[in-house]
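Q: Please take me through the reading of this structure, one feature at a time.

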Amino acid sequence: ARFAAGVTPEAPYPPYSKRNRQEGTVVVEFAVDGGGRVTAVFVKTPCRWPLLNQTAVRTVYGWSFPPGPFMTLEVPIIFKIQ
């Protein structure tokens, strides 16, 4: 429920990756403190494209959640050209 109430914008597709048709799924694990701030993010399962892995981490650091107990979550960030 707390995750659903969070502000979790979609990861922007890096123009270089889009131009070069790089797609993949990056599984990230992250920690959220009591104030709802993301305090740590790491790539648990990378995709083959380093730029997409970096973008996923940067995106999750920008997410925020309602205050509550410390939590860790794991989510896939999917980069798929439409």
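A: Let us begin with a definition: Ala, Val, Leu, Ile, Met, Phe, Trp, Tyr, Cys and Pro count as nonpolar, Asp, Glu, Lys and Arg as charged, and the others, Gly among them, as polar. The model is predicted. By these classes, the lining of the largest pocket has seven nonpolar residues, three charged residues and one polar residue.

Q: What volume does the largest pocket have, and which residues line it?
A: The volume of the largest pocket is about 210 Å³. Its lining consists of Glu-10, Ala-11, Tyr-13 and Lys-18, together with Pro-76, Ile-77, Ile-78, Phe-79, Lys-80, Ile-81 and Gln-82.

Q: How many aromatic pairs does the structure hold, and how is the geometry of a pair read?
A: There are five aromatic pairs in the structure. For Tyr-13 and Phe-79, the ring centres are 5.5 Å apart and the planes stand at 85 degrees; since an angle over 60 degrees counts as edge-to-face, the pair is therefore edge-to-face. The pair links distant parts of the chain, with Tyr-13 in the segment before helix H1 (15-19) and Phe-79 in strand E3, 66 residues apart. Both Tyr-13 and Phe-79 are buried.

Q: What is the geometry of the pair formed by Phe-30 and Trp-63?
A: The pair of Phe-30 and Trp-63 is edge-to-face, with 5.7 Å from centre to centre and 85 degrees between the planes. Phe-30 belongs to strand E1, and Trp-63 to the loop between helix H2 (50-61) and E3, so the pair ties together parts 33 residues apart in sequence. Phe-30 and Trp-63 are both buried. Phe-30 and Trp-63 also form one aromatic cluster with Phe-3 and Phe-65.

Q: Which residues of H2 are buried, and against which elements do they pack?
A: Leu-52, Asn-53, Thr-55, Ala-56, Val-57, Thr-59 and Val-60 are the buried residues of H2. They pack against H1, E1, E2 and E3.

Q: Is Ser-17 buried or exposed, and what does it contact?
A: A residue counts as buried when its relative accessible area is under 20%. Ser-17, found in helix H1, has a relative accessible area of 0% and is therefore buried. Apart from neighbours within four places in sequence, Ser-17 is in contact with Gln-22, Leu-51, Leu-52 and Ile-81.

Q: Where does Gly-36 lie, and is it buried or exposed?
A: Gly-36 lies in the loop between strand E1 (24-32) and strand E2 (38-45). With a relative accessible area of 2%, Gly-36 is buried. Residues up to four places away in sequence aside, Gly-36 touches Arg-2, Ser-64, Phe-65, Pro-66 and Pro-67. From Gly-36 to Pro-67 the C-alpha distance is 4.7 Å, although 31 residues separate them in sequence.

Q: What can be said of the surroundings of Met-71?
A: Met-71 lies in strand E3 and is buried, at a relative accessible area of 15%. Not counting residues up to four places away in sequence, Met-71 touches Arg-2, Phe-30, Ala-31, Val-32 and Phe-65. Met-71 and Gly-36 are 35 residues apart in sequence, and their C-alpha atoms are 9.3 Å apart.

Q: Where is Arg-21 placed, and is it buried or exposed?
A: Arg-21 is in the loop between H1 and E1. Its relative accessibility is 58%, so Arg-21 counts as exposed. Between Arg-21 and Thr-8, 13 residues apart in sequence, the C-alpha distance is 24 Å.

Definitions and conventions
Residues are numbered from 1 along each chain as its sequence is written. This is a predicted model: local features need pLDDT of at least 70, side-chain atom pairs count only at pLDDT 80 or more; totals for chains, interfaces and linings use all residues. Side-chain values use heavy atoms; hydrogens and water are left out. On a 1 Å grid over the protein atoms alone, a cavity is a set of points where a 1.4 Å probe fits but cannot get out, and a pocket is an open set with protein on both sides within 12 Å along at least five of seven lines; lining residues have an atom within 4 Å of a point. Grid points are joined across faces, edges and corners, and a volume is the space filled by probe spheres set on the points. Helices (H or I, at least four residues) and strands (E, at least two) are DSSP runs, numbered from the N terminus. Buried means under 20% relative accessible area, exposed over 50%, partly exposed in between (1.4 Å probe, protein chains only). Contact means heavy atoms within 4.5 Å. Rings of Phe, Tyr and Trp (its six-membered ring) pair if their centres lie within 6.5 Å; planes under 30 degrees apart count as stacked, over 60 as edge-to-face and the rest as tilted.
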